[in-house]
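Here's a quick tour of a model, written for someone who likes to know the cut-offs behind each word. Have the viewer open while you read.

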Amino acid sequence: MFGRWLKPNGANRSRTDTGGPGHLIDLRNVVKTYQSAAGSFTALKGVNLTVDAGEFVAVIGKSGSGKSTLINMITGIDRPTSGEVFVGGTPVHTLGEGRMSVWRGRNLGIIFQFFQLLPSLSVIENVMLPMDFCNMYRPSERHARALHLLEQVEMADQAHKLPSAISGGQQQRVAIARALANDPPILIADEPTGNLDSKTSAAVFQLFENLVNAGKTIVMVTHDNDLARRATRSVIVSDGEIVNQYLARALPRLSLDQLITVTRQIDRLTYEPGQPIVRQGAEAEYFYIITKGRVEVIIDQPGGGELIAEVLGEGQYFGEQALLGGGVRNATVRAAHDNGVVEVVALDRNEFHALLAESEGTRADVERVAAERRAANSDARAALT
Ligand SMILES: Nc1ncnc2c1ncn2[C@@H]1O[C@H](COP(=O)(O)OP(=O)(O)OP(=O)(O)O)[C@@H](O)[C@H]1O
Ligand SMILES: [Mg+2]
């Protein structure tokens with residue numbers, strides 16, 4: 001496991017050979033450069049993104065920031081120039097066109113802004129099409145299944161109409177039923193409500209919420225910040241880069257520009273269960289944010305024993321006390337034994353101080369947390385003696 005790129009403290013710098021239980025969707029260093037007559041344009045600049053089963057992720061960002069390009073990497077509609085895309089463990093970036101379309105048809109439901117129903121087929125025939133294409137369900141079952149899906153989106157009574165005879169909102173509901181035809185675990189939607197009025201958008205969004213509650217995983221691009229807030233998580237795309245989600249959660253008072261800058265500066269590190277990340281008494285070099293797993297904050301006892309002062313999880317940070325104070329670690333922090341590989345992002349001392357100098361609010365937040373922890377630790381130490 002500990003191969004190349006070892007940091008002095010033994011952390012593994014690489015994201016690609018960490019192995020272990022995977023994320024449902026895992027984009028690793030994805031770069032997409034378009035070539036056109038006007039020259040080349042890099043729409044994704046080394047994007048890392050993970051999505052776990054059961055999440056409802058909203059992808060937001062300005063027009064032209066790279067949201068659709070990102071989505072097209074997940075669906076395999078387009079290929080990365082470099083980097084890797086894993087969906088349900090399948091290396092999507094390596095699939096040939098033939099295998100890709102069958103894989104996609106069975107594993108993903110895809111919903112676009114413009115519903116893309118086939119105009120010459122009736123509503124129910126549109127919903128049956130993916131089952132026919134991927135040869136899923138017995139032919140004799142397909143009609144009943146399609147009707148059942150149309151019932152779920154309240155469109156069963158229009159089943160025999162042509163798409164041109166129903167409204168935009170109704171067409172989108174049919175498109176959702178079609179996306180669900182093969183019962184895929186993942187739904188990918190690119191501005192599914194972009195062409196709908198606000199009331200119809202809300203209804204479609206409600207349908208998505210129901211699907212997430214029923215166990216689906218959804219990644220949805222949207223321009224609508226109100227809808228995005230109702231998702232379980234937002235991913236911000238800016239100029240072909242993704243703001244590190246844990247950074248945004250841990251330091252919520254940073255501006256979007258600051259988040260992008262810091263996202264570029266951070267190092268990603270992984271630690272095996274039980275492995276120390278910082279050691280009591282050592283000089284402090286980094287500020288850490290946990291992006292996966294749990295860590296234990298340990299105060300070493302004079303007699304050689306140890307006290308677990310705190311357990312921290314995803315989106316929480318550590319290492320701030322020594323950077324703000326005397327520069328020497330006053331506790332050991334290690335990857336918890338019981339919870340798999342721990343992933344963190346680390347910001348070095350100088351970058352950390354530069355960030356606090358730029359964001360007063362963040363400085364106040366971090367100093368408050370440091371003070372609370374210092375008080376709690378000295379209580380714990382007092383209890384030890
Ligand atoms: N086929 C292509 N050839 C060249 N450039 C492209 C191509 N597709 C997209 N781009 C460029 O890549 C950038 C990102 O495009 P993308 O469609 O991903 O943006 P978006 O965030 O989805 O925008 P919108 O919100 O308007 O849909 C844009 O600057 C766009 O012009
Ligand atoms: Mg787009």
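In what kind of crossing, left-handed or right-handed, does α3 pass α5? The crossing of α3 past α5 is right-handed. A crossing is left-handed if the near helix is turned anticlockwise from the far one by less than a right angle, and right-handed if clockwise.

First, some ground rules. This is a predicted model, where local features need pLDDT of at least 70 and side-chain atom pairs count only at pLDDT 80 or more, while totals for chains, interfaces and linings use all residues. Residues are numbered from 1 along each chain as its sequence is written, and chains are lettered from A and ligands numbered from 1 in the order in which they are written.

**Confidence**

pLDDT is the predictor's confidence in each residue, from 0 to 100. The chain averages 89, and 94% of the residues score at least 70. Residues 1–10 sit below 50, with 11 contacts in the model beyond near neighbours in sequence. Residues 12–20 also stay under 50, and there the model has 21 contacts beyond four places in sequence. A contact here means two C-beta atoms, placed from the backbone, within 7 Å.

**Helix packing**

Two packed helices are described by the angle between their axes and the distance between the axes. Axes are lines fitted to C-alpha atoms, for helices over the stretch in contact, and angles run from 0 to 180 degrees between N-to-C directions. Helices (H or I, at least four residues) and strands (E, at least two) are DSSP runs, numbered from the N terminus.

| Pair | Angle | Axis distance |
|---|---|---|
| α3 (123–134) and α4 (139–152) | about 120° | 9 Å |
| α3 and α5 (168–179) | about 30° | 8 Å |
| α2 (97–107) and α3 | about 130° | 9 Å |

Angles under 35 degrees count as roughly parallel, over 145 as roughly antiparallel, 65 to 115 as roughly perpendicular and the rest as oblique. So α2 and α3 are oblique to each other, whereas α3 and α5 are roughly parallel.

Who touches whom? α2 passes α3 in a left-handed crossing, with V102, G105 and R106 of α2 against P130, F133 and C134 of α3. By class, that contact has four nonpolar, one polar and one charged residues. (Ala, Val, Leu, Ile, Met, Phe, Trp, Tyr, Cys and Pro count as nonpolar, Asp, Glu, Lys and Arg as charged, and the others, Gly among them, as polar.)

The α3 and α4 crossing is right-handed. On the α3 side you'll find V123, I124, V127, M128, M131 and D132, meeting R142, H143, R145, A146, L147, L149 and L150 in α4. That contact counts nine nonpolar, one polar and three charged residues.

Back at α5, V174, A177 and R178 meet V123, N126, V127, L129 and P130 of α3.

**Around ligand 1**

The residues around ligand 1 are Y34, S36, F41, A43, G61, S63, G64, S65, G66, K67, S68 and T69. To be listed, a residue needs its C-beta atom, placed from the backbone, within 6 Å of the molecule. The shell has three nonpolar, eight polar and one charged residues. β1 (25–36), β2 (39–51) and α1 (67–75) each supply at least two of its residues, and α1 gives the most, with three.
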